[in-house]
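Please find below a colleague's note on the model shown here.

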There are 2 protein chains.
Amino acid sequence: MSVNIYIDHNFYDNNAYGYENHSDNNKSDECCVDDSYNPNSQISSEDNVLNKNPNELVYITKSGDLTKLDHVSQYAPLSGDNRIDYSNYCAIVIDVLRASTTISTLLELYDKVYITDSIEKTMNFPNSIRMGERNGIKIDEFDYGNSPVEILKDKNKITEFAKNGGNLVLTTTNGTRVLNSIISDDIYMGSINNAEAVAKEVYNTAVEKDKDIVLIPCHRCGDFAIEDYIGAALIVENILKIPGNKITKQLEQLIPLRSTIKFDWKNTILNSKSGQGLRDKGYPYDVLYSVQENIYDNVGKYNQKENYVYRV
Amino acid sequence: MSVNIYIDHNFYDNNAYGYENHSDNNKSDECCVDDSYNPNSQISSEDNVLNKNPNELVYITKSGDLTKLDHVSQYAPLSGDNRIDYSNYCAIVIDVLRASTTISTLLELYDKVYITDSIEKTMNFPNSIRMGERNGIKIDEFDYGNSPVEILKDKNKITEFAKNGGNLVLTTTNGTRVLNSIISDDIYMGSINNAEAVAKEVYNTAVEKDKDIVLIPCHRCGDFAIEDYIGAALIVENILKIPGNKITKQLEQLIPLRSTIKFDWKNTILNSKSGQGLRDKGYPYDVLYSVQENIYDNVGKYNQKENYVYRV
């Protein structure tokens, strides 16, 4: 019996998915925004699909893939039969900047974090600390942004609040979308901060349940995000370091992924589009913090029915 | 106006495509063999999908993708509406071991090579030198295998034959399948031997026709082939070296590809599954020859209607 490792391309694949060539200005809040919050008031126009040169957009070229395009262009989770069935896999969802990193940080403070994909749904948690972002910026009425460094500054306060029965609620965009677009009983969050811990936990679960492992880089609005790919590479590397591991096949397909961490990958992330974007928006320390390897031992697993991540 | 570069994942994507879990032994010649030639008599059982442990096969898990699986599991070219529409792209088809390399070699000898995907179709060329392989081994009744080194040994004879009106006909498996599975007026073959030449030619054509560029690693029977990925990386690198080039976007998504050639990529190819397979089958010099960068200036373009590659 062996365990295989795969990389998911569903959330970035220029053939299967891609930007739609929007021409309707009323759709301007479709990109990673699913409620009435208006990102355009706070972000530069470069972040808006609408303002991109149509020549730079990726089109669907293959017949039969229009349904997929529709799903992804709306940046809502896939639903029902369109969800990706990873029942036979342990899935590791990776959103380094910043959902995975924030969750890993929160699980150091308390053992349970609710995850929502909309601001509205956070209203279901009256006694809560609400954390979240839209296009990288803290949501006005929330307590914190999706910012691990911001959260760490108040770590004692947050821990105290949670231990006294308060809920921790995080609203993110891409990360949550991916978590709810797949089907599996074993969905984990993976960050660089806990790469080794998640590698060991997931590998052991895969062996125990006779499953394969799929790593899912979340990317951003269909835009390739190298930091998620590098996060996946670091987790793979830690799986392959496990003594006597049963990963013997499919190694060749992992070469491109693993190659990304054979030189200065931290610099690659600092200079990535996401990294630069966060620095521009005033979160340089979040980027620096996100690339710290194995500072945490916690592993977060997603309860899909009740939408929370808990420390295993 | 800018030119974008994309990497095609259609001929290897463990989510969209993959091995079918064959249980019918009569289907044993489906893997890359489309006629009556029986590969099992000559190759090790490891090369046969049927003999693989079902636990190691990739299954279709996503609803709606069964049609694709059917296509690819038969290893026949996609046809009609199922072909991938790359009309707006200059496509570079890369099959380093060995179709691309053999074609580049043949175009040094003569300016036109017919390509077929079956032994039967070579019968349409009565006055011909026939070259081809099935599972890496020369087809018995043919003049040469799909072996550039074998061909080079008789280069004067082959050139003479072609100049006197004889046809050069090459039968391959994966490479031909990909050539006929896509739609474009601008399909090129790319090898490591002519990486720089093909990079310049394709880039110039893309600018002239206002197209993007897609690189298509052929892979093998749905199995990931790192040598094709590395070939793509070398071509990309040569495009990016063109002074004043207009490739300004989408660079982040190319990082994994480009990372593969930042360390000893020749060794990666020599030790790849394809490389080892060819060495085992008695073609070590073909592998060594295939990794020689920029030894040729020729560029082969595919005439899809008449199924030949010609020197542009």
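1. Gly282(B) follows helix H10 of chain B and has a positive phi, near 95 degrees. Helices (H or I, at least four residues) and strands (E, at least two) are DSSP runs, numbered from the N terminus.

2. Helix H10 of chain B spans residues 273–280, and its buried residues are Ser274(B), Gly275(B) and Leu278(B); buried means under 20% relative accessible area (1.4 Å probe, protein chains only). These residues lie on the same side of H10(B), because they cover an arc of only 100 degrees around the axis, the arc being that of the directions from the helix axis to the C-beta atoms. Their cover includes helices H7 (226–240), H9 (265–270) and H11 (284–290) of chain B.

3. This is a predicted model, in which local features need pLDDT of at least 70 and side-chain atom pairs count only at pLDDT 80 or more, while totals for chains, interfaces and linings use all residues. Residues are numbered from 1 along each chain as its sequence is written, chains are lettered from A and ligands numbered from 1 in the order in which they are written, and side-chain values use heavy atoms, with hydrogens and water left out.

4. Chain A has a mean pLDDT (the predictor's confidence in each residue, from 0 to 100) of 80, with 79% of its residues at 70 or more. Over residues 14–74 of chain A, pLDDT stays under 50.

5. In chain A, an open sheet of mixed pairing is formed by 10 strands, in the order S1-S10-S3-S9-S11-S12-S4-S7-S5-S6; two strands pair if DSSP finds at least two bridges between them. Strands S1 (5–7) and S6 (137–138) of chain A stand at the edges, each with a single partner strand, so one side of each is left without a neighbour in the sheet.

Technical notes. Contact = heavy atoms within 4.5 Å. Buried < 20%, exposed > 50% of the residue type's maximum accessible area, 1.4 Å probe, protein only.
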